[in-house]
Amino acid sequence: MRTQRQVVDYSLQKRAVLRELLAGRVGTYDVCDASPYLKNAARFHGEPTDRRCPICRSENLTLVHYIYGDELKQSAGQARTLTELPVLAMTLREFQVFVVEVCLGCDWNHLVEQYLLGRDGLAGDSDGTGEQDVAAAEGAGRRRREAQR
């Protein structure tokens, strides 16, 4: 997405948890503890992936996108589909997205990444007029080239 910024990737933390599990320092019940709310969000709002669960290796993982932000008011903390995020990013100034991977088979879940979305991420667009300025500049450049012909 164009406005995605301040991305935090949690893959190293995931590897550390899996390493602890394989070493026997952490039990399966400690890492496979998805809440019923998270599992329902994965079923109804999740994006299926082709990656297998690192614990049970029998189910594919599902990604759930949770959104948080001051402008969201009552919608903060809700799971949204990936297709809804660009629409929200163009209508809201800024909100945070947390991506969680979930296995519906064994209840594995882990925070994959977090990032910011919103209009504030558009270059030079603090009040929503930046896209209009870019379009006007492109139109002026096109007219100039046509005049030179």
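Visitor: Why does Gln114 count as buried?

Guide: In this predicted model, Gln114 has a relative accessibility of 13%, and since buried means under 20% relative accessible area, Gln114 counts as buried. This residue is found in strand S6.

Visitor: What makes the link between the side chains of Gln114 and Tyr10 a polar contact?

Guide: The two side chains come to 2.7 Å, and because a polar contact is a pair of N or O atoms within 3.5 Å, one able to donate a hydrogen and the other to accept it, the pair formed by Gln114 and Tyr10 is called a polar contact. Leaving aside neighbours within four places in sequence, Gln114 is also in contact with other residues, including Gln6, Val97 and Phe98.

Visitor: Why is Leu111 called partly exposed?

Guide: Leu111, which lies in strand S6 (residues 109-117), has a relative accessible area of 25%; buried would require under 20% and exposed over 50%, so Leu111 falls in between and is partly exposed.

Visitor: How far apart are Leu111 and Tyr10 in sequence and in space?

Guide: They are 101 residues apart in sequence, but 6.6 Å apart in space when taken from C-alpha to C-alpha. Leu111 touches Tyr10, and, again not counting residues up to four places away in sequence, Phe98, Val99 and Val100 as well.

Visitor: Why is strand S5 described as largely enclosed by the rest of the structure?

Guide: Six of the eight residues of S5 (residues 95-102) are buried, so the strand is largely enclosed by the rest of the structure. S5 pairs with strand S3 (residues 60-68) in the antiparallel sense over seven bridges, where Tyr66 stands opposite Phe98.

Visitor: What makes S5 and S6 a pair of strands?

Guide: Two strands pair if there are at least two bridges between them, and because S5 and S6 have eight bridges, in the antiparallel sense, they meet that condition.

Key:
Residues are numbered from 1 along each chain as its sequence is written. This is a predicted model: local features need pLDDT of at least 70, side-chain atom pairs count only at pLDDT 80 or more; totals for chains, interfaces and linings use all residues. Side-chain values use heavy atoms; hydrogens and water are left out. Helices (H or I, at least four residues) and strands (E, at least two) are DSSP runs, numbered from the N terminus. Buried means under 20% relative accessible area, exposed over 50%, partly exposed in between (1.4 Å probe, protein chains only). Contact means heavy atoms within 4.5 Å.
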